[in-house]
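Biologist: Before we discuss any details, could you put the sequence and the model on the screen for us both?

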Amino acid sequence: MIKIFEKLLSLLYVQPCYFCRSTKDDALLCAKCHSKIHFMPPAVFKNINGVCVYACALYDGYIKTLVHDLKYHNKKRLSKVQAQIMFEYFNQLNLKEKYTIIPVPIHKNRQKERKYNQMDIVAKEFASYTKFPINQNLVCRTKDTKKQYNLHKKDRIENMKNAFAISQNQTMPKDTKLLVIDDVTSSGITLEELINTLKSNGYNDVTALTLATPDIWNTSQIQ
């Protein structure tokens, strides 16, 4: 009787895949949906002012759904899925340094509207895998920028100009190895502005990792 009850409980609490609703793997991202992700090769995607930028996957399909629903539809549990994908890719890079994680900040107005910064949540999940410390306060967003995706390149650059600043009373050593994380990068203008802010304040040891990119920079290498 006890075994029957335990089996019924396991059926009641089995976790369906967020994307296809299958309960086969009891996971938010099942193996079948995972296999449909177009992972990028474990190599530098962009070099921005001497900083290596890595992108985990192509911004399409389930990755697009993941980013959109986590960011705009309060699906905070998807932060674990994003962190798992980023950690899986990060492990392939074979980087041996111990970093401090810097999630890209959002402006206080955006945070008030959304009630959370999805990258802060992802950073905590990612840190649980890497055991890296997090600093969510080193950089702040000083400018309430427009959304970048519907702007031309020239307007994107102007939009992001002076968008970040180092927070007051920061005592983090300048030689700390920083790992900036974000969800999507295409033109790289947001990351460039953030990197410039860090470097102009003496933080020169920077690496960047983003979940996805819409840019197919070498289609023959996409897995």
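Modeller: Here a residue counts as buried when its relative accessible area is under 20%, as exposed when that area is over 50%, and as partly exposed in between. Please bear in mind that this is a predicted model.

Biologist: With that in mind, is Arg21 buried, partly exposed or exposed?

Modeller: Arg21 sits in the loop that runs between α1 (2–12) and α2 (31–34). Its relative accessible area is 48%, so Arg21 is classed as partly exposed.

Biologist: And what is phi of Arg21 near?

Modeller: Most residues other than glycine have a negative phi. Arg21, although it is a residue other than glycine, has a positive phi, and the value is near 70°.

Biologist: Which class of exposure does Lys131 fall into?

Modeller: Lys131 belongs to the loop between α6 (118–130) and β4 (139–141), and its phi is also positive, near 65°. The relative accessible area of Lys131 is 62%, and because the exposed class takes values over 50%, Lys131 is exposed.

Biologist: Turning to the cysteines, how many disulfides does the structure hold?

Modeller: A disulfide is counted when two cysteine sulfur atoms lie within 2.5 Å of each other. For Cys17, the nearest cysteine sulfur is that of Cys33, at 3.7 Å, and Cys17 is in no disulfide. For the structure as a whole, the number of disulfides is zero.

Biologist: Is Cys56 buried or exposed?

Modeller: Cys17 has a relative accessibility of 0% and therefore counts as buried. Cys56 likewise has a relative accessible area of 0%, so Cys56 is buried.

Notes: Residues numbered from 1 in each chain as written. Predicted model: local features only at pLDDT ≥ 70, side-chain atom pairs only at ≥ 80, totals over all residues. Heavy atoms only, no water. Buried < 20%, exposed > 50% of the residue type's maximum accessible area, 1.4 Å probe, protein only. Helix = DSSP H or I, 4+ residues; strand = E, 2+ residues; numbered from the N terminus.
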